[in-house]
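Me: I would like to go through a model feature by feature. Please give the general idea each time, then the case at hand.

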Amino acid sequence: MTRINTRDFGEIEINDDRLFEFPNGVFAFEDTKRFALISPLGDDVYPMWLQSADDVTPCFVVFDPTIIDGSYNVTLSRGEQALLDIKNDTNLRYLVIAKVPNNFRETTVNMKSPIVLNCDLNVAAQFILPHDYKFRLPIYEPEAVKSAEEGAI
């Protein structure tokens, strides 16, 4: 167990298997190398937080991209695979960073630049995919949110 200070939850203890080393950091935060994957709503319940293990910032709200787009597919180059020491049977996990404004219904996720976690070695990296994914994909459909609100009345 490791104790870390978080932006949103104060000081917490995190299992070491939830700590990931980012050799290249995260885009715009290249000097931050250690992050904790925090799941305050329960194990592997989204959203989750990717929190710097060494400072209260940066901290990102993250989602599994496949719950947003069931056909989401990541293809990594040989160099990207080498950075994460990926083998055929490597336990990988993919996350996308959310931008959550004051009106949470305007939340978007960056599907173009996922974070790839090698859960076997606790190493991770963020990559820009060659695929045609959006940098700012809305996760709430305006009509669906409106219909749900009307149904609740």
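Reply: Start with Lys 87, which is partly exposed, with a relative accessible area of 49%. Buried means under 20% relative accessible area, exposed over 50%, and partly exposed in between (1.4 Å probe, protein chains only). This is a predicted model, in which local features need pLDDT of at least 70 and side-chain atom pairs count only at pLDDT 80 or more, while totals for chains, interfaces and linings use all residues. Residues are numbered from 1 along each chain as its sequence is written, and side-chain values use heavy atoms, with hydrogens and water left out.

Me: With which residue does the side chain of Lys 87 meet in a salt bridge?

Reply: Side chains of opposite charge can pair when their charged atoms come close. A salt bridge is a side-chain nitrogen of Lys or Arg within 4 Å of a carboxyl oxygen of Asp or Glu. Here the partner of Lys 87 is Asp 85, at 2.5 Å from N to O. Asp 85 is itself partly exposed, at 36% relative accessibility.

Me: How many salt bridges does a search of the whole structure find?

Reply: The search finds 5. One of them joins the side chains of Arg 7 and Asp 8, at 2.9 Å from N to O. Arg 7 is partly exposed at 41% relative accessible area, and Asp 8 is partly exposed at 37%. Another joins Arg 34 and Asp 54, at 2.8 Å from N to O. That pair links distant parts of the chain, 20 residues apart: Arg 34 lies in strand E4 (residues 34-38), and Asp 54 in the loop between strand E5 (48-52) and strand E6 (59-63). Helices (H or I, at least four residues) and strands (E, at least two) are DSSP runs, numbered from the N terminus. Arg 34 is partly exposed at 29%, whereas Asp 54 is exposed at 53%.

Me: Which residues are linked in a network of salt bridges?

Reply: Arg 3, Glu 11 and Glu 13 form that network. Arg 3 lies in strand E1 (residues 2-6) and is partly exposed, at 48% relative accessibility. Contact means heavy atoms within 4.5 Å. Leaving aside neighbours within four places in sequence, Arg 3 is in contact with Glu 11, Ile 12 and Glu 13.

Me: How should I read the largest nonpolar core, and which residues have the most contacts inside it?

Reply: In soluble globular proteins, nonpolar side chains tend to be buried together. A nonpolar core is a set of buried Ala, Val, Leu, Ile, Met, Phe, Trp, Tyr and Cys residues joined through side-chain atoms within 4.5 Å. The largest one here has 41 residues, and Phe 22, Leu 37, Leu 50, Val 62 and Leu 117 have the most contacts inside it. Several strands each supply at least two residues of this core, among them E4, E5 and strand E9 (115-118). E6 gives the most, with 5 residues. Not counting residues up to four places away in sequence, Leu 117 touches residues including Phe 20, Phe 22, Leu 37, Leu 95 and Val 123.

Me: What volume does the largest pocket have, and which residues line it?

Reply: Rolling a probe the size of a water molecule over the atoms shows where empty space is left. On a 1 Å grid over the protein atoms alone, using a 1.4 Å probe, a pocket is an open set of points with protein on both sides within 12 Å along at least five of seven lines; lining residues have an atom within 4 Å of a point. Grid points are joined across faces, edges and corners, and a volume is the space filled by probe spheres set on the points. The largest pocket has a volume of about 180 Å³. Its lining includes Phe 27, Ile 97, Lys 99, Gln 126 and Arg 136. Strand E7 gives the most to this lining, with 3 residues.

Me: Which peptide bonds are cis, and which residues other than glycine have a positive phi?

Reply: Most residues other than glycine have a negative phi, and most peptide bonds are trans. The bond from Tyr 46 to Pro 47 is cis, with omega near 5 degrees, and Pro 47 is in the loop between E4 and E5. The bond from Thr 57 to Pro 58 is also cis, with omega near 0 degrees. Pro 58 is in the loop between E5 and E6. Ala 28 has a positive phi, near 75 degrees, and is exposed, at 63% relative accessible area. Asp 85 has a positive phi of about 50 degrees and sits in the loop between helix H1 (78-83) and E7.
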